[in-house]
Amino acid sequence: MAKASEKAARTSVWLESKAHRRRGGGGQPSGLDRARIVEVTVRLLDAEGLAKFSMRRLAGELNVTAMSVYWYVDTKDDLLELALDEVMGEMRLPDPDAGEDWRDQVRALAWEYRTLLVRHPWVSALVGVFLNIGPHNLAFSRVVQRVVRRTGLPAKRLTSTISAVFQFVYGYGTLEGHLSARAAAGGMTVDEYFQQSLSTVTAAPQAADVMKESQEIMAARGGDTVAEMLERDFEFALELLIAGIEAMVARERGD
């Protein structure tokens, strides 16, 4: 049995040999492997959310006993960490050596990350929980760093630049994902949910002044659907960040 200190020291499934092994010995269920388990885990998380996910629920979906799953992963956290890295591999990453403009590559990375967060709303809750050192997470981090290096900013400014862009994307994608999840939970489209929420808030006397100004701003923004409004806001906000990077590059150079 592992000592308590050994358990506390384990920080990632990717730091241990068990990341790619199956328990030895006989008795493991046939027709089941780690890839299948992770695949179904992702599907359940997408459909039901993180709060409802359990190893028992997963086992039922796989039509095996809960103990059968533990032949392939030691803990629920191990499985969630594997699932997180699995979906990170869905992003299409640009090639930093392709000779493309760094601005276009920053845009591409930002759009891919946002899309991931919206497609899998549970991801945002796990990003800060684990060390994120699986192969797909590392591939994403590596490309981000190499692209941002090409902006021309000095090394001491790179982490701040990465934070400005990708923490913005994280926040935007997280809220957008929550919006989609809430709409789905209510059996509504995003547009229907938005209109219902807008009507509810507008009817609240304490929100009247704020809502009047908000509606004027939203009307000026344009867009017939929530998706169009979100696209326009995201695109312009991202361009503000890119323009800010360009301005800081010029300032560092003394232009």
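## Arginine 114

Arginine 114 counts as buried, because its relative accessibility is 3%, below the 20% limit for that class. The model described here is a predicted one. Arginine 114 belongs to helix α6, which covers residues 102–119. When neighbours within four places in sequence are left aside, the contacts of arginine 114 are Val169, Tyr172, Gly173, Glu176, Leu230, Glu231 and Phe234.

Two of these contacts can be described further. The side chain of arginine 114 meets that of glutamate 231 in a salt bridge, with an N to O distance of 3.0 Å. This pair links distant parts of the chain, since glutamate 231 lies in helix α12 and arginine 114 in helix α6, 117 residues apart. In contrast to the buried arginine 114, glutamate 231 counts as partly exposed, at 33% relative accessibility. Arginine 114 also lies over the face of phenylalanine 234, at 4.6 Å from the ring centre.

## Aromatic pairs

In total, the structure contains seven aromatic pairs. One of them joins tryptophan 111 and phenylalanine 234 in an edge-to-face arrangement, with 5.0 Å from centre to centre and 80° between the planes. Here too, distant parts of the chain are linked: tryptophan 111 is in helix α6 and phenylalanine 234 in helix α12, 123 residues apart. Phenylalanine 234 counts as buried, at 0% relative accessibility, whereas tryptophan 111 counts as partly exposed, at 27%.

Another pair is formed by tyrosine 113 and phenylalanine 166; their ring centres are 6.4 Å apart and their planes stand at 50°, so this pair is tilted. Tyrosine 113 lies in helix α6 and phenylalanine 166 in helix α9 (residues 158–185), so the pair ties together parts that are 53 residues apart in sequence. Tyrosine 113 is buried, with a relative accessible area of 7%, and phenylalanine 166 is buried as well, with 9%.

## The nonpolar core

The largest nonpolar core has 63 residues, and those with the most contacts inside it are Ile37, Leu58, Val69, Leu79, Tyr113, Trp122 and Phe140. Helix α12 (residues 226–253) gives the most to this core, contributing eight residues. Which residues does leucine 79 touch, leaving aside its neighbours within four places in sequence? Leucine 79 is in contact with Ile37, Val38, Thr41, Phe53, Met55, Leu58 and Val73.

## Helix α5

Leucine 79 is also one of the buried residues of helix α5; the others are Asp78, Leu80, Glu81, Leu82, Ala83, Leu84, Asp85, Val87 and Met88. Ten of the 13 residues of α5 are buried, so this helix is largely enclosed by the rest of the structure. Its buried residues pack against α2 (34–48), α3, α6, α7 and α8.

The length of helix α5 (residues 76–88) can be checked against expectation: at 1.5 Å a residue, its 13 residues should span 18 Å, and the end C-alpha atoms are 19 Å apart, which agrees.

## Other salt bridges

Side chains of opposite charge can pair when their charged atoms come close. The structure holds 15 salt bridges. One of them connects arginine 57 and glutamate 61, at 3.2 Å from N to O. Both residues lie in helix α3, four residues apart, which is about one turn of the helix. Arginine 57 counts as partly exposed, at 30% relative accessibility, and glutamate 61 is partly exposed at 29%. A network of salt bridges links Arg43, Glu48, Arg57 and Glu61.

In a further salt bridge, the closest N and O atoms of arginine 221 and aspartate 233 are 2.3 Å apart. Arginine 221 lies in helix α11 (residues 208–221) and aspartate 233 in helix α12, so the pair ties together parts that are twelve residues apart in sequence. Arginine 221 counts as partly exposed, at 24%, and aspartate 233 likewise, at 26%.

## Two asparagines with positive phi

Most residues other than glycine have a negative phi. Asparagine 63, however, has a positive phi of about 60°, and asparagine 132 has a positive value near 55°. Asparagine 63 lies in the loop between α3 (55–62) and α4 (66–69), while asparagine 132 is found in the loop between α7 (123–127) and α8 (135–149).

Are these two asparagines buried or exposed? Asparagine 63 is exposed, with a relative accessible area of 72%, whereas asparagine 132 is buried, with 18%.

Terms used: Residues are numbered from 1 along each chain as its sequence is written. This is a predicted model: local features need pLDDT of at least 70, side-chain atom pairs count only at pLDDT 80 or more; totals for chains, interfaces and linings use all residues. Side-chain values use heavy atoms; hydrogens and water are left out. A nonpolar core is a set of buried Ala, Val, Leu, Ile, Met, Phe, Trp, Tyr and Cys residues joined through side-chain atoms within 4.5 Å. Buried means under 20% relative accessible area, exposed over 50%, partly exposed in between (1.4 Å probe, protein chains only). Helices (H or I, at least four residues) and strands (E, at least two) are DSSP runs, numbered from the N terminus. Contact means heavy atoms within 4.5 Å. Rings of Phe, Tyr and Trp (its six-membered ring) pair if their centres lie within 6.5 Å; planes under 30 degrees apart count as stacked, over 60 as edge-to-face and the rest as tilted. A charge sits over a ring if NZ of Lys or CZ of Arg is within 6 Å of the ring centre and within 35 degrees of the ring normal. The expected span of a helix is 1.5 Å times one less than its number of residues. A salt bridge is a side-chain nitrogen of Lys or Arg within 4 Å of a carboxyl oxygen of Asp or Glu.
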